[in-house]
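Open your viewer and switch to a cartoon view.

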Amino acid sequence: MDDQRLFESLEAVKDEHSFLQFVDLLISNREAADALASTVDGHQGEWANQTIASFLEAASAWANASAFGERPGPKSDNPWQLFATFLWAGRGYE
């Protein structure tokens, strides 16, 4: 699963249908990362967080640090986009 395609899907989230498309691609991206060896710092591809707990912890840390996307801004007024970004952050935020 191509990281650029995943990012483009993230940027295209506008409603529940496009959100679920993004989630499907995120799943494929995680499955592809599962096939990669872990680096010395524990990454598998772009995935820094390998467990559900670390994934959710990272997403929460991003939300707290950015005021749920206000920083660096601009914050989307679309809740589907915000939640997709929350999931995106769980993938790589440390």
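How many residues does helix α3 have, and how far does α3 reach from its first C-alpha to its last? Select residues 52-66 to find out. Helix α3 has 15 residues and reaches 21 Å. That is close to the 21 Å expected at 1.5 Å a residue. Keep in mind that this is a predicted model.

**Stop 1**

Pick F55, A58, A59, W62, A63 and S66, which are buried. Now look down the axis. The background is simple: an α-helix has 3.6 residues a turn, so residues three or four places apart point the same way.

Next, colour A53, E57 and N64. These residues are exposed, on the face of α3 turned away from its buried side. What covers the buried residues of α3? The cover includes α4. A67 takes a positive phi of about 55°.

**Stop 1: α1 against α4**

Select residues 3-11 for helix α1 and residues 79-92 for helix α4. Their axes come within 9 Å and cross at roughly 150°. That angle is over 145°, the cut-off used here, which means α1 is roughly antiparallel to α4. Show side chains for the contact. From α1, take D3, L6, F7, L10 and E11. From α4, take Q81, A84, T85, W88 and R91. By class, this contact has five nonpolar, two polar and three charged residues.

**Stop 2: α2 against α4**

Now the side chains. On α2, show E16, F19, F22, V23, L26 and N29. They meet W80, F83, A84, L87, W88 and R91 in α4. Count by class: nine nonpolar, one polar and two charged residues make up this contact.

**Stop 3: N29**

Zoom in on N29, which lies in helix α2. Is N29 buried or exposed? N29 has a relative accessible area of 4%, so this residue is buried. Finally, draw a C-alpha to C-alpha distance from N29 to Y93. The pair are 64 residues apart in sequence and 16 Å apart in space.

Technical notes. Residues are numbered from 1 along each chain as its sequence is written. This is a predicted model: local features need pLDDT of at least 70, side-chain atom pairs count only at pLDDT 80 or more; totals for chains, interfaces and linings use all residues. Side-chain values use heavy atoms; hydrogens and water are left out. Axes are lines fitted to C-alpha atoms, for helices over the stretch in contact, and angles run from 0 to 180 degrees between N-to-C directions. Helices (H or I, at least four residues) and strands (E, at least two) are DSSP runs, numbered from the N terminus. Angles under 35 degrees count as roughly parallel, over 145 as roughly antiparallel, 65 to 115 as roughly perpendicular and the rest as oblique. Contact means heavy atoms within 4.5 Å. Ala, Val, Leu, Ile, Met, Phe, Trp, Tyr, Cys and Pro count as nonpolar, Asp, Glu, Lys and Arg as charged, and the others, Gly among them, as polar. The expected span of a helix is 1.5 Å times one less than its number of residues. Buried means under 20% relative accessible area, exposed over 50%, partly exposed in between (1.4 Å probe, protein chains only).
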